[in-house]
Structure formats: C-alpha cells, structure tokens
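Student: Could you walk me through reading strand pairing and burial in a model like this one?

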Amino acid sequence: MLQDEYELDGVVTVVDARNVLSHLDKEGSCEGHGVASEKDWTINEAASQVAFADRVLLNKVDAVEGDTEAERALRIKEVEAAIRKVNGAATIHHTTQSSVAIEDVLNIQGFDPDRAVALLDEAKKTDEHHHHHDHDDGHHHHDHIHTPSHTLKHGITTVCFESKVPMNPVGLSMYINQVTAMYGTKLYRYNGIISALGDDDKLVMQGVPNLRSGPYQLEPWGAAERSTKMVFIGKDLDADKMRDGFNRCVANPLRFPIGARVECAVAGGMAPGTVEAHWEQGYPYRVRLDAPTAQGYDEVWPPFDENEVVREEGVRAAGM
C-alpha cells in the first residue's frame, strides 16, 4: 500500500513577500468548505496555509516596496512579524524566484516526535519576542501565555503555555481532548513537550485536525531542567479559557493525605470514602468507597484535585 512507502515529511508554504500582508488581513470566505454560512465560520486561505506550515518560503523579497534598503528591510520584518503571529513555530527562509537549498525543504521531519522540541523552542522565542514588545507598548499579559495584541482579521493566532511544575498526566490528556473537541478543524495544529509527574522521560504529543499522536517517550530528563511547553495554532482561540484549562493540569501538592476521609463525585452525587493512594496510574487519588456505586465500583480515581470531584467529607461545595 502507498502508506507503507510514503510518509508526510512536512508542510512547505510559499508566501509572496510583496503582497501577503493584504491577504493575511482579509476576512475569510466559507466558499468551498462545506460551511453553511459566513456566520458559521469564515476562512482566510492565506492565513490557514501559513498556520499549517513547517517551513515558510518568504519569496520575492527582492520586490518588496521601499525607496531605500532600510525601508525594504523594515517591510520584510513587518511581513515576518505577521507570519509569526499566525504561526510562531515555522522556520522562515527568504527567497527570490523560490530558490532555496534542497536541505531546507526536504527531510523536515515536521511530524517526527524528536523534532517537536525544536519547534516548541522556536515558538517560545517568538512568544518571548512579542511578549517583550507588547509590554513596551503598555499591554498586560498573564504568566505563561502570549496572545498577539493586534490579531489580524483572520483570527488565527499562536498561543503558548509553559509550566516548570510537573503536569497531571491524566488531567492533561483530558484537557487536550476537550480542546480538540471544542475547536475541531479550527485548531490547525498543536505540539507539546510534557514533564509528567512520576515519569522520568520527556513526553511529546502533537496533532492536526482529526489526527492526534502521542504521548511518545523521548530521552530521560536527566539533569536538564524539567518543564512543559505547549503551542496551539488555530482560529478564534480563547486564550484565557485555554490557559485556565492548562493551569488545572499542573500537579500542585495534593490537599488530602493518604488515609483522609473524602467525598468523591460518582453517578448520582457524592460518595464518602478513604484516600488509599496518590498518583497511581497518573490519577491524583485512588479512593476506596464506603459502599459500592450503583454500577458496582468500590474504588474511584478522581482526575483532578478539585472540590467538584473530590472534597473533604462533610463539606458542601460552594453554591450548594
């Protein structure tokens, strides 16, 4: 079969340096995409092609407008900044007549888990660059996240998260499922290097619409500083909501020691039990229930250390 002989190495997008800004700043069209109306989803083709790219060939740099070399250089920087706002992880090559070294467009390994580290580092550099300049402009930003302060009309952005505290592995998997379900084909791609609590190896996960891979194990962390880095590229991403979901997955110190009496969410309400283990199979708690549930379960594994799923026995949740 063909799939046994070929693999997707990467995505290369050629961009017209002279005219791309006018295309990136256009409202999209739903024509030809099976969308019922503009109200449902408008697509900017230029922006979406940039968003999917592992490599961007910024072509016709010799034809960029400007009376002086300095003006042309400034214009090219503006074009690069616009591309970075759409896709902070892609490598950009300047070209004339699309002339480029063959090694820059072949053997990209854009979907190789080992390459995810380099992609995330590139996105992080872009994130820190924009973060620095936006602070100079007086804009406020939350920790561990960057959202471009001047999003173009197409609404496509790169959103980055980082945590030096290990992650709740089960919670993070649930989070990725929720994000991909929420945005569907509006989430163009994502990459993550994960420092999971209880795992000595680097984990990588990545995905494009309708296709998720990982987590895969890479090399051990060893003496390297552990951190989790994630990059999402998509249209109309709610950065604040995504940040809140990401922060839920940070494996902060647990509230309840082994032996503590708690109540856990089960079908039909909250059931009392006793904490018997921490971080077993990636779950914060394993709780032995006082009585089996209606489905016959006598143990539960709360995925998050939150009152909605596990709380001190006899304490009513807020709002009840």
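Student: How many bridges join strand β10 to β11?

Tutor: Strands of a sheet pair through backbone hydrogen bonds, either parallel or antiparallel. Here six bridges join β10 (residues 269-280) to β11, and the two run antiparallel. Strands are DSSP E runs of at least two residues, helices H or I runs of at least four, numbered from the N terminus; two strands pair if DSSP finds at least two bridges between them. One of the bridges pairs V275 with V287 in β11. This is a predicted model: local features need pLDDT of at least 70, side-chain atom pairs count only at pLDDT 80 or more, and totals for chains, interfaces and linings use all residues. Residues are numbered from 1 along each chain as its sequence is written, and side-chain values use heavy atoms, with hydrogens and water left out.

Student: What is the strand order in the open sheet?

Tutor: It goes β12-β11-β10-β9-β13, with antiparallel pairing. β12 (299-300) and β13 (310-312) stand at the edges with a single partner strand each, so one side of each has no neighbour in the sheet.

Student: Is R286 buried or exposed?

Tutor: Buried means under 20% relative accessible area, exposed over 50%, partly exposed in between (1.4 Å probe, protein chains only). R286, in β11 (residues 283-289), is buried at 14%.

Student: Which side chains make polar contacts with the side chain of R286?

Tutor: A polar contact is a pair of N or O atoms within 3.5 Å; within protein, one must be able to donate a hydrogen and the other to accept it, and residues adjacent in sequence count only if both atoms are side-chain atoms. R286 has one with E280 at 2.7 Å and one with E299 at 2.8 Å.
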